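Have the 3D view ready and follow along.

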Amino acid sequence: MLALERRNLILEKLQAEKRVVVSELSQLYGVSEETIRRDLDKLEKEGLATKSYGGAVIKEDVSIDLPFNIRKNQNVSGKQKMAEIVASLVKEGDHIFLDASTTAVFIAKALKEKERLTVITNSMEILLELSDVSGWNIISTGGVMKEGYLAFLGARTEEVIRSYYVDKTIFSCKALDHEWGIMESKESFGTTKKAMIASGRKKILVVDSTKFDQTAFSVAGTLRDVDVVVTDRKPSDKWMGYFAEAGVECRYPDMQP
């Protein structure tokens with residue numbers, strides 16, 4: 001097993017159990033305790049864990065981005081439900097942006113029954129997911145590949161995005177705050193989202209309920225930049241009021257007609 005693969009498995013265990021023990025990990029992965037300690041050192045340096053006596057605990061901080069393969073296994077049921085709602089909003093023949101979020105991968109899967117879509121994305125994972133779809137026009141933004149994210153970012157990516165105008169921009173975010181708006185942990189993700197928002201007729205923000213009332217480093221837009229918010233459960237009355245004030249439609253599973 002590669003060291004990176006082992007560290008990702010340790011991260012998954014930390015996400016599930018919040019704490020890991022060196023001796024147990026040593027037995028589980030068949031390596032020395034010293035090797036496990038080096039793995040935990042690496043995770044601590046990356047800001048993903050905090051070492052404790054005999055092990056480590058998860059570092060729960062909204063500003064920290066976990067590796068893509070860890071994030072895509074979080075809240076799978078919620079992402080599938082949100083993806084189904086988004087798919088119902090997309091018409092056959094639409095031109096759409098899909099961002100490089102893990103949620104957008106689920107949306108891409110849910111859209112596969114549609115005909116004649118044009119999908120523009122900066123996500124390597126979505127390009128791979130849609131590689132077997134026929135009759136679609138799939139466009140990669142290109143750009144600089146961001147390590148650990150499977151995302152194309154940078155000035156070239158944003159230039160390509162600005163050269164299109166689509167029916168629907170479908171994107172997620174790291175945090176959503178009433179005052180600060182749509183936020184990302186890294187500036188490069190924030191500026192990419194800004195470009196997508198500016199280049200779409202209808203803007204659909206897909207964000208799970210854990211992101212509400214959170215803040216992050218980079219502002220990508222305001223609530224008034226969004227037409228529809230899709231989330232995994234009914235928001236609080238406070239947030240429903242914010243959406244109504246901003247003229248935003250909110251969709252969530254099991255809505256009453």
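H2 and H3 are roughly perpendicular to each other (a label for angles of 65 to 115 degrees; under 35 is roughly parallel, over 145 roughly antiparallel, and the rest oblique). Keep in mind that this is a predicted model: local features need pLDDT of at least 70, side-chain atom pairs count only at pLDDT 80 or more, and totals for chains, interfaces and linings use all residues. Residues are numbered from 1 along each chain as its sequence is written, and side-chain values use heavy atoms, with hydrogens and water left out.

**H2 against H3**
- Helix H2 covers residues 22-29 and helix H3 covers residues 33-45; their axes come within 9 Å and cross at roughly 110°.
- Helices here are DSSP runs of H or I with at least four residues, strands are runs of E with at least two, and both are numbered from the N terminus.
- An axis is a line fitted to C-alpha atoms, for helices over the stretch in contact, and angles run from 0 to 180 degrees between N-to-C directions.
- On the H2 side, Val22, Ser23, Leu25, Ser26 and Tyr29 meet Glu33, Ile36, Arg37 and Leu40 of H3, where contact means heavy atoms within 4.5 Å.
- Sorted by class, that H2 and H3 contact has five nonpolar, two polar and two charged residues; Ala, Val, Leu, Ile, Met, Phe, Trp, Tyr, Cys and Pro count as nonpolar, Asp, Glu, Lys and Arg as charged, and the others, Gly among them, as polar.

**H1 against H3**
- Helix H1 (residues 3-17) packs with H3 at an angle of about 75°, and their axes are 10 Å apart.
- H1 and H3 are therefore also roughly perpendicular to each other.
- Arg6, Arg7, Ile10 and Leu11 in H1 meet a set of H3 residues, including Thr35, Ile36, Asp39 and Leu40.
- Split by class, the contact of H1 with H3 has five nonpolar, one polar and four charged residues.

**Asn122**
- You'll find Asn122 in the loop between strand S5 (118-121) and helix H7 (124-129).
- Asn122 counts as buried because its relative accessibility is 2% (buried is under 20% relative accessible area, exposed over 50%, partly exposed in between, with a 1.4 Å probe and protein chains only).
- Its side chain reaches the backbone nitrogen of Ala100 at 3.3 Å.

**Ser23**
- Ser23 sits in helix H2 and, at 32% relative accessibility, counts as partly exposed.
- The C-alpha atoms of Ser23 and Ser163 are separated by 54 Å, and these residues are 140 residues apart along the chain.

Definitions and conventions. A polar contact is a pair of N or O atoms within 3.5 Å; within protein, one must be able to donate a hydrogen and the other to accept it, and residues adjacent in sequence count only if both atoms are side-chain atoms.
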